[in-house]
Amino acid sequence: MGDEELAKDLGLVSAMTIGIGTMIGAGIFVLPGVAANEAGPIVVVSFVVGGIIAMVNAFSVSELGTAMPKAGGGYYYINKSLGPMFGSIAGMGDWMGLAFASAFYCIGFGQYLVSFVPLPEVAFLDPIQVGALFAGLAFVGVNYIGAKETGSVQTVIVTILLSILTVFAVAGFFSFDYGTLTGNGGLTPYGTGAILPATALVFVSFLGYAKIATVAEELKNPGRNLPIAIIGSVALVTVIYAVLVTTMLGVVPWPELSQDAPVAQAAEVAFPASLGPIGGVAAAAGAVMTAGALLATASSANASILASARINFAMGRDKIVTNWLNEIHPNYATPYRSILVTGALIVVFIAALGRDVETLAKAASVLHLIVYALLNVGLIVFREADVPEYDPDFTVPLYPITPILGAVLSLGLVAFMDSIEIALSGAFVVAAVVWYFLYAREKTDRKGVLSEYIQDREAELPDRVVDAADAVAPTGTEGPTIMVALANPRTEGALITLASALAKHEGGRVLATHIVTVPDQTALDTAAENRARIDDSSESLLEAAKEDATAFDVPVETKTILSHRGFEEVFDAARSNDADTVVMGYGGTKLAGGRAESTLDELTHDLPCDFLVLDGETVDISDVLVPTAGGRSSDLSAEVARALRDTADADISLLHAVDEGGEADGEAFLTEWAAERDLGDATIRVESGDIQSVLTRVGGEYSLVVLGATERGLLSRIVRGSPVFDTIESLETPVLLAERPSSRSLWERLVGRGEE
Amino acid sequence: MTSVDAETELLGHVLLPVANEEDALATAHALEPYGPDHVTALHVVEKGEGSPDKTPVEQSEDIAEETYAAVRTVFPDADDHTAYARDVVEAIFDAAEEVDATAVAYRSRGGNRLVQFLSGDYSLKLATEADRPVIALPRQDTADG
């Protein structure tokens with residue numbers, strides 16, 4: 001909580017810098033020549049149209065970003081809303097889109113570099129590609145090492161760029177000539193039909209605002225700063241583009257505008273050759289513009305490489321890609337593998353497509369536009385599914401018009417691309433879907449809001465919709481993990497039997513762990529040397545566990561854990577193994593002996609998952625008594641009872657203790673409680689007296705009592721001793737204590753485990 | 001026996017800055033033979049302070065948890081402390097102040113000069129800017145000498 005605040009250190013200016021720094025490099029320095037050559041002076045309108053499309057999407061990104069300020073941006077929202085298949089498409093689209101964009105920025109860098117330094121041709125690479133490769137490798141290297149100086153440099157770069165461009169605009173204003181602008185076939189030499197194809201080309205200039213969302217978790221006050229930064233940076237660059245492109249075209253006739261280094265060329269014309277006695281002003285201005293262009297394209301590429309690592313991380317977290325990719329470098333603390341893989345892609349794109357800057361630009365745009373379209377659909381799904389926790393600070397104006405418009409405009413713009421880019425992007429989309437079905441579907445366990453929504457309304461929706469949703473649903477939802485913490489061979493059979501019954505019922509698996517407590521004085525590696533001895537006892541215990549579980553026909557895994565801590569290690573193991581339920585013996589809790597109470601409270605206050613603690617060495621599940629007074633933990637005991645009934649034919653009796661005279665109410669309550677929990681066939685017993693005395697009286701008639709904790713902290717009370725548990729301990733019948741942590745909402749399950 | 005007093009004093013509460021799981025385990029083992037009374041593991045999440053971080057916050061926090069778990073395999077009662085800062089050394093001293101540590105114990109991560117320079121080896125700054133004892137632990141391991 002407090003820590004989280006500390007992690008947020010990006011203010012509004014920094015956030016806008018990220019957006020502007022990424023966008024401005026491409027639009028102004030690389031494309032005006034190429035785009036003007038295709039559309040004539042009307043290309044200014046193409047830029048404005050691109051800005052409008054970006055703005056509509058910027059609203060949607062802002063809403064989603066304030067609802068979920070998480071690393072990953074567009075991919076993350078789409079995976080949460082539309083599920084992992086579309087998530088895979090979005091992740092791939094975002095990632096490849098950034099790689100294409102980075103390659104494009106590198107080529108832009110190369111174009112200006114060759115005007116400074118003559119570069120040779122190498123093999124099949126022209127000098128621009130050589131410069132681009134050099135740049136690409138340098139940017140990857142900087143990110144690999146993770147020089148944090150690049151970040152602060154970014155702010156300086158953006159400030160310098162804005163100053164340079166302002167000076168240029170002023171100089172351009174004075175040498176602006178309307179005749180130059182219209183002198184070659186008027187404003188629309190190729191007709192107005194050329195506007196949208198040119199927009200398709202220059203849209204790459206607007207691919208920066210969404211990167212702000214990928215670092216949303218680092219923003220201070222994201223509810224306010226995220227929308228302002230995203231919408232503000234789009235508005236600002238649109239205005240800058242419109243003004244500067246107009247200026248350039250009024251200074252240099254559009255057919256003559258350089259295809260490679262337009263800003264440097266325009267600056268040389270716009271500035272006077274000399275200011276009074278100082279000569280060479282125009283040449284100097286051209287050189288400054290070239291330097292600016294190098295900075296601008298470098299910062300765009302740099303920001304894109306960083307953003308792609310964020311997307312990889314988010315995909316790894318959802319198990320769409322292997323987490324191998326997100327390993328952190330031991331010395332540089334950077335996600336170096338992700339950076340290297342992205343770097344390799346950039347190099348390939350530069351080498352293969354670097355002669356055609358348009359293809360790189362448009363491929364980047366198509367992939368991003370696909371992501372934007374999905375993202376708008378995802379927003380509508382979040383709103384319509386009415387997920388209560390979806391609570392954005394910023395909401396799009398004119399819902400549902402804005403997101404629908406965003407999706408339509410994004411896909412509409414794709415139609416103006418050339419077939420090669422569409423084919424290329426289509427190939428990546430297909431690859432993403434194939435990847436999902438071959439790899440990710442089995443691994444990921446994240447269902448989208450959309451599929452939850454469809455499954456919840458199975459009856460109301462056409463079968464085809466439901467079937468289609470099932471057909472693409474992740475299979476990684478492999479049921480819960482029931483972890484058994486074994487300590488004592490005598491209780492092994494009983495614990496495994498209970499765990500197996502649960503696992504079988506829920507379609508889950510059993511993880512049998514043997515936690516070997518090593519005295520504090522012994523280092524863990526010394527203990528590991530004594531492995532042979534430990535292994536023997538551990539192996540026979542876990543072997544027995546395996547056999548018992550296999551008898552139930554449930555998948556079982558075993559694990560020996562060496563630890564200095566006993567009881568606490570159970571919590572860690574449950575967390576690190578993503579256990580959904582822990583089954584352990586009452587004796588096991590005694591491992592905690594000697595620990596400071598405060599530590600215990602802290603542990604038991606925040607259970608990582610459901611806990612079932614058995615008091616008893618053997619278990620006979622023929623007659624099961626479930627006392628209840630309602631509440632979260634007795635929901636858990638009801639689940640256990642159902643599992644025992646369905647897998648082991650246990651007879652279930654429900655018990656509710658009431659005060660004298662409350663029998664009728666008690667029976668009504670219990671009958672309803674049973675029906676709601678699918679236990680309508682259970683025997684209903686209402687007894688008067690307090691629960692302790694009732695249990696003492698009737699407990700002996702049953703073979704197992706499943707008792708839910710009535711309030712939090714059951715475990716800590718067991719460990720520290722409490723009068724209620726004296727009753728339990730004195731009871732002959734084995735008691736299974738059930739405690740469920742404070743509820744994890746649907747939302748928490750969707751967006752991953754809650755904060756610790 | 002004033003020297004004994006000084007020693008117990010020195011190792012009364014050791015702040016142990018650790019970078020990752022492996023480093024944490026090695027550092028903790030290096031400190032273990034000296035028997036500190038109390039240990040607080042510190043992980044500094046490097047922040048850009050004005051620019052995006054090298055790694056997502058969530059990932060950094062996972063790494064922090066891993067390092068604490070690694071330290072606790074050696075010192076089960078170790079406390080933990082997470083700092084967020086651009087200047088790692090300053091964050092270490094701030095944390096020492098905050099948890100009232102009697103000394104800071106660290107273990108150089110090694111590597112040649114270039115790697116040390118690039119990854120920001122903090123030995124020099126730690127040693128020169130300290131406002132309390134700083135203990136350089138020996139690198140007794142052979143694996144990554």
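Of the 756 residues of chain A, 54% count as buried. Buried here requires 20 or more other C-beta atoms within 10 Å of the residue's own; 12 or fewer is exposed, in between is partly exposed, and C-beta atoms are placed from the backbone.

Before I go on, what we are looking at is a predicted model, where local features need pLDDT of at least 70, side-chain atom pairs count only at pLDDT 80 or more, and totals for chains, interfaces and linings use all residues. Residues are numbered from 1 along each chain as its sequence is written, and chains are lettered from A and ligands numbered from 1 in the order in which they are written. The scores are ipTM 0.77 and pTM 0.68.

Chain A, then. It has 32 helices and 10 strands. Those are DSSP runs, numbered from the N terminus: H or I, at least four residues, for helices, and E, at least two, for strands. Take contacts in chain A with a separation of 6 or more: 83% of them join residues 24 or more positions apart. A contact is two C-beta atoms, placed from the backbone, within 7 Å.

Now two helix pairs. Two packed helices are described by the angle between their axes and the distance between the axes. Axes are lines fitted to C-alpha atoms, for helices over the stretch in contact, and angles run from 0 to 180 degrees between N-to-C directions.

Pair one is H4(A), residues 43-67, with H12(A), residues 222-251. Their axes come within 9 Å and cross at roughly 175 degrees. That makes H4(A) roughly antiparallel to H12(A). The cut-offs: under 35 degrees is roughly parallel, over 145 roughly antiparallel, 65 to 115 roughly perpendicular, the rest oblique. The contact of H4(A) with H12(A) has 19 nonpolar, 7 polar and no charged residues. Nonpolar covers Ala, Val, Leu, Ile, Met, Phe, Trp, Tyr, Cys and Pro; charged covers Asp, Glu, Lys and Arg; the others, Gly among them, are polar.

Pair two is H7(A), residues 127-145, with H15(A), residues 336-353. Here the axes come within 10 Å and cross at roughly 175 degrees. H7(A) and H15(A) are therefore roughly antiparallel to each other. The contact divides into 11 nonpolar, 4 polar and no charged residues. Among the residues from H7(A) are A:Leu133, A:Gly136 and A:Val140, and those from H15(A) include A:Leu340, A:Gly343 and A:Ile346.

On to chain B. It has 145 residues, 45% of them buried. There are 6 helices and 5 strands. From the N terminus they run α-β-α-β-α-β-α-β-α-α-β.

Which strands pair? E1(B), residues 14-17, joins E4(B), residues 103-106, in parallel through 2 bridges. A pair needs at least two DSSP bridges. B:Val14 stands opposite B:Ala103. E4(B) also pairs in the parallel sense with E5(B), residues 134-136, over 3 bridges. There, B:Tyr106 has B:Ala136 as its bridge partner.

Buried or exposed? B:Pro36 is buried, with 21 other C-beta atoms within 10 Å. Leaving aside residues up to four places away in sequence, B:Pro36 touches B:Leu11, B:Val14 and B:Leu31. B:Val14 is 22 residues away in sequence, yet 6.7 Å away C-alpha to C-alpha.

Last, confidence. pLDDT is the predictor's confidence in each residue, from 0 to 100. Chain B averages 81, and 81% of its residues reach 70 or more. Where pLDDT is low, the predicted coordinates should not be read in detail.
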